[in-house]
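Dear colleague,

Please find below the structure that I am handing over to you. I would be grateful if you would read the notes that come after it with the coordinates open.

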Amino acid sequence: MRQSQIFTKTRREAPSDEVAKNSQLLIRAGFIQKMTAGVYSFLPLGLKVLNNIEKIIREEMNAIGGQELRLAALQEKALWEKTNRWDDAVVDNWFKTTLKNGNEMGLGFTHEEPLTSLMRDHIRSFRDLPVYAYQFQTKFRNETRAKSGILRGREFLMKDLYSFSRDEKEHDEFYEKSKIAYKNVFNRAGIGEKTYITFASGGSFSKYSHEFQMLTEAGEDIIYYNKEKGVAVNKEVYTDEVLAEMGLKKSDMTEGKAVEVGNIFSLGTKFSEPLELFYKNEEGKNIPVIMGSYGIGVPRLMGSIVEALGDDKGIVWPTEVSPFAVHIIAMKTEGVVMEAAEKLYKELTDIGIEVLLDDRDARAGEKFGDADLIGIPLRITIGEKSIAEGKYEFNDRIAQKTELFDKDQLMAYIGKHNV
RNA sequence: CGGGGUGUAGUGUAACGGUUAACAUUCCUGUUUUGGGAACAGGCGACUCAGGGUUCGAAUCCCUGCACCCCGACCA
C-alpha cells in the first residue's frame, strides 16, 4: 500500500485525555480512534493488526480442533434466566434494551448460554463428542469504569472457545492442549517472554482457573511469578496451600503487575445441567456434557503488545502482527530514487509480501519519525547513496541500526522474518 | 458505585473578573529547501461542553447537568 493513499494521519501529540501508553501511541499513529470512554474504532492500520492477531488465534484454535462459528450478539432474556445470569444483581455489566413489542433483550457479554443451548440440537450421543467451537465476536460489557486505553473497553472483539466433552478426562486433555495453543498465540504475538500462565480463582464457575498474565505496569492484576518455571499465581489465590500444591516456594516468587491477556476455565456441568445439554452414553444413559471456556480479548492483546514492546519513538510490532511486513521509505518522490522504490515495492508485493511504501512528498525526518511511530519492524530506505552502491539500506526498528544488504541478503533477511 | 480532577481552534497549551480570546502545531498559498519532524512570507480555523445565575462587564466566580481522566470498589 502506498502511504500517500492512507487517509489516516499521524500526530505529534496524543489527546490529553489519553493516559495509557497503548492508546496514546495507537491514536498518534492512526490505528484507532476513541469514540467515548471504553469505545474505540479501528482504522485501516489498526484493523490490519487486529486481523493479524485474529489470524494467529484462528490458526492455533483450528490446530487443536476448534470449529469457528458466529453466534448472535442479541440475547433473549428467558435463556439467561435459566442459568440465573439475567438479573442485574447477579451480572452487573449487561447492556440491555427493549424491543418494540416490549420484550427485553441483552447484548452478549459472553456466550456460554446461547452456545450450550445451540448444541442441544447437535449433541445427542457420545459419538457426537467432543466438540470445540469458537468465534470472534464483539462483546458488550457495561463496565463501571473503562480504562487503560484498549485494555479494558465496553465493546471489544473477543475470541471465545467452548469445549464440550464426555467426561473430566476428555476435558482435562483438551484443557492441557489449550494451554499449549495459548502459549503459541502469545509467543507468535511477541509477548511470550513476558506472559505467564497464572493460577487463579475460578470466579463463580469453578474453584480455580488459569489466566495468561503479561507483566506490565499498565495491568490491573497483581501476580507472583517464577521466571525459571514460567508460572505464576494470582494474588487472589496466593496462599501457602496453593503454593504447596504447585510445588512452589514463596521465596522464589516475584511480585508484579500484569494484564490478563487470556484465560481458560473449567465449567464442569454448570451450564449443561440447567440448559439440559445431555448426551446418551454407551448404556443409553443421559449424561451432562462437561464444558470449558477459553477467552482472548483481541484488542486487549493488541494493546498489551504496544505496552510491552513500544518505546519512546513509537510502536514496535512483532513480525506476525505488524500491519505490513516491510516499510519502504522513498527519500525522493521522483527520479531514480522513486523508480527504485517502486521497483522493490512491486517485486516484494508480487511475491506476497505486504509492503507499505512511503511515497509521500515529505521530508526525511518526518518519514523516519512516522515510520518509527507506526512500528513496522523491517524498514528499507531507498536513497541516492544506497542506489549508487547497488545496495539496500536496511533498518532494524528495534535495534535502531542500519545495514547495507545486497539483493540476495535482503531477500533472505525478509524471508527469514516472514514465515 | 464512592472519592478526586479537568472541560478553551483538528491537536497541545495560555489568558488578574476588563480591548478583537493568545501561542505552538496541524491545515491552505507562495518562494527557497530536501537523509531524522526545514526557513521565510501570507492565510483559514473557537458563540471558551450545555443550561441557568452573580456582575456595569464572565473563558475566569456560583449552581445544575453532561462528558472525559485518575484512585478505589467491581471484573461474570
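This is a predicted model: local features need pLDDT of at least 70, side-chain atom pairs count only at pLDDT 80 or more; totals for chains, interfaces and linings use all residues.

**Surface near RNA strand B**

Around RNA strand B there are 44 residues, and those that come nearest are D17, A37, A364, G365 and G383. By residue class, the surface near RNA strand B comprises 18 charged, 15 polar and 11 nonpolar residues. Three elements each supply at least two residues of this surface: helix 9 (364-374), helix 10 (384-389) and strand 20 (392-396). Helix 9 provides the largest share, with 8 residues.

**Paired strands**

Strand 7 (residues 131-140) runs parallel to strand 3 (residues 67-68), and 2 bridges join them. Within this pairing, Q67 is placed opposite A133 of strand 7. Strand 7 is also joined to strand 8 (residues 155-165), in this case by 10 bridges and in an antiparallel arrangement. Here Y134 has L161 of strand 8 as its bridge partner.

**Residue T98**

T98 belongs to strand 5 (residues 95-98). Is T98 buried or exposed? T98 is exposed, because 9 other C-beta atoms lie within 10 Å, and a residue counts as exposed at 12 or fewer. Leaving aside residues up to four places away in sequence, T98 touches N103 and E104.

With kind regards

Key:
Residues are numbered from 1 along each chain as its sequence is written. Chains are lettered from A and ligands numbered from 1 in the order in which they are written. A residue is near a molecule or strand if its C-beta atom, placed from the backbone, lies within 6 Å of it. Helices (H or I, at least four residues) and strands (E, at least two) are DSSP runs, numbered from the N terminus. Ala, Val, Leu, Ile, Met, Phe, Trp, Tyr, Cys and Pro count as nonpolar, Asp, Glu, Lys and Arg as charged, and the others, Gly among them, as polar. Two strands pair if DSSP finds at least two bridges between them. A residue is buried if 20 or more other C-beta atoms lie within 10 Å of its own, exposed if 12 or fewer, and partly exposed in between; C-beta atoms are placed from the backbone. Two residues are in contact if their C-beta atoms, placed from the backbone, lie within 7 Å.
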